[in-house]
Every structure is written in C-alpha cells, then in structure tokens.
Amino acid sequence: MTRLTADFWVAAYLTRLRLKDIPAFVTSKGDLTAGAVLVKLNTLDGQAEVFQKSFDLMTGERAWISLRKGDEPGVDKAIKKQCSFDPDLWVIEVEDRAGRHLLDEPGFAD
C-alpha cells in the first residue's frame, strides 16, 4: 500500500483546516518522508487534547486516538515526552474553541 509522505500529509491537513477557518500551525517539524504526526487540539480555555495515529494489529486499521486530554500544561508535557522518544515527530497545534480538528473527516479518519 502506498503511503503519503509526512510533509505532504501535513500540508494537506493544514490546507483543509485553513479552508474551514480553523487556525493551525506546525510546532515541531519532523522527518519529511516518514515522520509520525501528533495533533494537539487547543480549545483556548486552558484545556487541550493530543491525538496520534494508531495501528490495530488485529484488524489492520489505522485510526486517530486520544493520547492525552486535560489541562494544556499536562498535554504539552505529554507531547514533549513523545518528542524526546522520537526526534522525527511532527506536532501540529489546532486552535478551535468549538473543538474541531477534522481528523474524523474523510481522508483523515482512515
């Protein structure tokens, strides 16, 4: 199965967010081809959630799961810990009071 490069996926994701008027930016740029991606959703009320792509070995399906949810400093600490394990990691921060991240939309959900 052909996979998109990380930089292509990130560019497409940022474009889709921009089209919905959802502010987002890259806070950590990882490996251009094979870097994993974390998406931090900042609801601008002191709360945040970080998502990572997970692979189910039983079904072969890939899905976005919540890595951590709660106060923003705690979420940032979890992201920092992940970055210490994986220097090729991309981190995208999405800022939306309504909690929109678009990861459940076609093209991103699978």
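Colleague: Which residues is glutamine 82 in contact with, leaving aside its neighbours within four places in sequence?
Modeller: Leu38, Gln52, Leu67 and Leu89. Contact means heavy atoms within 4.5 Å. This is a predicted model, where local features need pLDDT of at least 70, side-chain atom pairs count only at pLDDT 80 or more, and totals for chains, interfaces and linings use all residues. Residues are numbered from 1 along each chain as its sequence is written, and side-chain values use heavy atoms, with hydrogens and water left out.
Colleague: How many residues apart in sequence are glutamine 82 and leucine 38?
Modeller: 44. In space, their C-alpha atoms are 9.1 Å apart.
Colleague: And where is the place of glutamine 82?
Modeller: In helix H2, residues 72-85. Helices (H or I, at least four residues) and strands (E, at least two) are DSSP runs, numbered from the N terminus.
Colleague: Why does glutamine 82 count as partly exposed?
Modeller: Because its relative accessibility is 25%. Buried is under 20% relative accessible area, exposed is over 50%, and partly exposed is in between (1.4 Å probe, protein chains only).
Colleague: New topic, backbone angles. What is the phi of aspartate 21?
Modeller: Positive, about 55 degrees, although aspartate 21 is not a glycine. It lies in the loop between helix H1 (6-19) and strand E1 (24-28).
Colleague: Is aspartate 21 buried or exposed?
Modeller: Exposed, with a relative accessible area of 64%.
Colleague: What about the phi of leucine 44?
Modeller: Also positive, about 60 degrees, and leucine 44 is not a glycine either. Leucine 44 sits in the loop between strand E2 (37-42) and strand E3 (47-55). It counts as partly exposed, because its relative accessibility is 35%.
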